[in-house]
Amino acid sequence: MSNRIVLPRLMEVGAGAVQQIASVLQNLACKRPLIVTDRMMVELGYVARISEILTKADIPSDCFADTLPEPTAASIRAGVEMVRQGDYDSIIALGGGSPIDSAKAIGILGKFGGEMRDYRFPRDVSEAGLPLIAIPTTAGTGSEATRFTIITDETSDEKMLCAGLGFMPVAALIDYELTLSLPPRVTADTGIDALTHAIEAYVSRKASLYSDAQALQAMRLLAPNLRSAYHEPANRQAREAMMLGATLAGIAFSNASVALVHGMSRPIGAFFHVPHGLSNAMLLPAITAFSIPAAPERYAECARAMGVAGEGDSVEIANDKLLNELRAINEELQVPSPEQFGITRERFFELRQTMAKQALASGSPGNNPRVPTEAEIIDLYETVWNQE
């Protein structure tokens with residue numbers, strides 16, 4: 001069987017890539033972009049930097065900077081209205097995964113109308129919204145190269161997975177220099193998020209030879225450099241490897257899908273406002289241990305790509321080393337448990353069944369090597385709570 005591969009039409013990769021924004025817009029025949037971002041990007045001067053480049057090229061632009069860290073249907077409404085009322089022909093998404101996800105949704109809703117819930121999975125959103133140029137500032141979500149967006153329905157606290165060609169950026173400017181100012185916590189959370197993308201894409205039931213190549217290379221870049229980027233924020237070599245690794249991991253899971261970690265992670269984020277990468281990190285060791293028996297050779301290859309197991313190690317030894325590494329990463333990068341994050345045991349256990357239902361409804365657990373029942377997901381939430 002064949003596999004359909006979806007990518008941005010144009011990608012600029014490397015130091016200074018952001019300087020190409022004006023020429024990218026011109027190549028796409030776009031003359032009036034709306035910059036979609038968050039307040040931090042404004043405060044750090046990144047928006048002013050983009051605007052200056054555009055002004056010098058005689059490209060007028062406006063800015064919507066009110067996206068939230070975990071975007072909701074309500075939080076993007078003002079941005080959608082700007083698109084509906086304005087004469088914009090493109091969107092520049094600047095920031096981490098949340099502004100990029102928000103921009104993807106704004107581009108579709110602004111052009112076609114409706115509510116975000118109308119576009120949720122299993123609908124395949126193939127409509128072409130406003131052309132979107134993504135400029136990631138974290139090495140994490142890979143959203144600059146994916147056909148997905150995640151928006152929370154604030155009325156039900158459900159993180160809605162929306163998928164389709166309509167959410168794929170037409171261009172991505174992948175400039176690792178934009179990540180040099182990231183604080184350690186964000187570096188850790190987004191880095192583990194990217195590693196989770198690569199692992200889940202590789203073990204996914206929808207994996208292909210193409211996605212495997214991207215996922216393995218992403219692991220080779222991410223795993224050896226995650227600690228360095230965390231401890232040495234100005235380490236340019238580590239930052240460059242993390243940025244490219246995150247994009248490759250995004251390409252991998254965009255074409256192979258994520259699995260059980262992400263399925264269980266989204267409800268934790270929606271109900272308890274845990275940043276997405278952090279909730280993935282909380283889950284990754286326990287869910288990997290649950291899943292290994294269904295794909296031991298695949299997980300062993302992950303361990304080898306990450307550099308924690310050698311070619312001479314047996315599958316069993318490689319998987320033991322993988323689990324030890326995932327736990328060690330969480331410890332060294334100070335990933336809190338749900339309780340340490342501030343979640344109460346009573347509320348967490350009260351919501352286990354609802355979270356399990358939402359996880360299954362997202363479709364992601366169905367891609368896992370070991371497809372869980374609702375009861376097994378409930379038990380896994382308990383395991384995650386009780387793990388050291």
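## Close-up views of a predicted chain

View 1. At 0% relative accessibility, serine 102 counts as buried, a word used here for residues under 20% relative accessible area, with exposed meaning over 50% and partly exposed in between (1.4 Å probe, protein chains only). This is a predicted model, in which local features need pLDDT of at least 70, side-chain atom pairs count only at pLDDT 80 or more, and totals for chains, interfaces and linings use all residues. Residues are numbered from 1 along each chain as its sequence is written, and side-chain values use heavy atoms, with hydrogens and water left out. You will find serine 102 in helix 5, which covers residues 97-112. Helices (H or I, at least four residues) and strands (E, at least two) are DSSP runs, numbered from the N terminus. Apart from residues up to four places away in sequence, serine 102 touches Thr67, Pro71, Ile76 and Ile151; contact means heavy atoms within 4.5 Å.

**View 2. The whole chain, for orientation.** The chain has 16 helices and 8 strands. With 388 residues, a compact globule would have a radius of gyration near 21 Å, and the 20 Å of this chain agrees with that; the radius is taken over C-alpha atoms, and the globule rule is 2.2 Å times the number of residues to the power 0.38. Along the principal axes, the C-alpha atoms fill a box of roughly 60 × 45 × 45 Å. Of the 388 residues, 60% count as buried. Among contacts with a separation of 6 or more, 78% are between residues 24 or more positions apart.

**View 3. Proline 267 in helix 9.** Which helix holds proline 267? Proline 267 lies in helix 9, residues 260-272, and is buried, with a relative accessible area of 1%. Lysine 159 is 108 residues away along the chain, yet its C-alpha atom and that of proline 267 are separated by 6.5 Å. Not counting residues up to four places away in sequence, proline 267 touches Met355, Gln358, Ala359 and Tyr381.

**View 4. A bend in helix 10.** Helix 10 (residues 276-291) bends by about 45° at leucine 284, where the bend is the angle between axes fitted to the seven residues ending there and the seven starting there. A proline, proline 285, follows within four residues. Because 15 of its 16 residues are buried, helix 10 is largely enclosed by the rest of the structure.

**View 5. Methionine 11 in strand 1.** Methionine 11 belongs to strand 1, residues 10-13, and is partly exposed at a relative accessible area of 32%. Leaving aside neighbours within four places in sequence, methionine 11 is in contact with Ala172, Ile174, Thr247 and Ile251. Alanine 328 is 317 residues away along the chain, and the C-alpha atoms of this pair are separated by 34 Å.

View 6. A cis peptide bond, with omega about 15°, joins phenylalanine 121 and proline 122. Proline 122 is in the loop between helix 5 and strand 5 (132-136). Aspartate 58 has a positive phi of about 60° although it is not a glycine; its loop runs between helix 3 (46-56) and strand 3 (62-64). Is aspartate 58 buried or exposed? At 70% relative accessibility, aspartate 58 counts as exposed. Aspartate 157 also has a positive phi, near 60°, and lies in the loop between strand 6 (148-153) and strand 7 (158-163). Aspartate 157 is partly exposed, with a relative accessible area of 28%.
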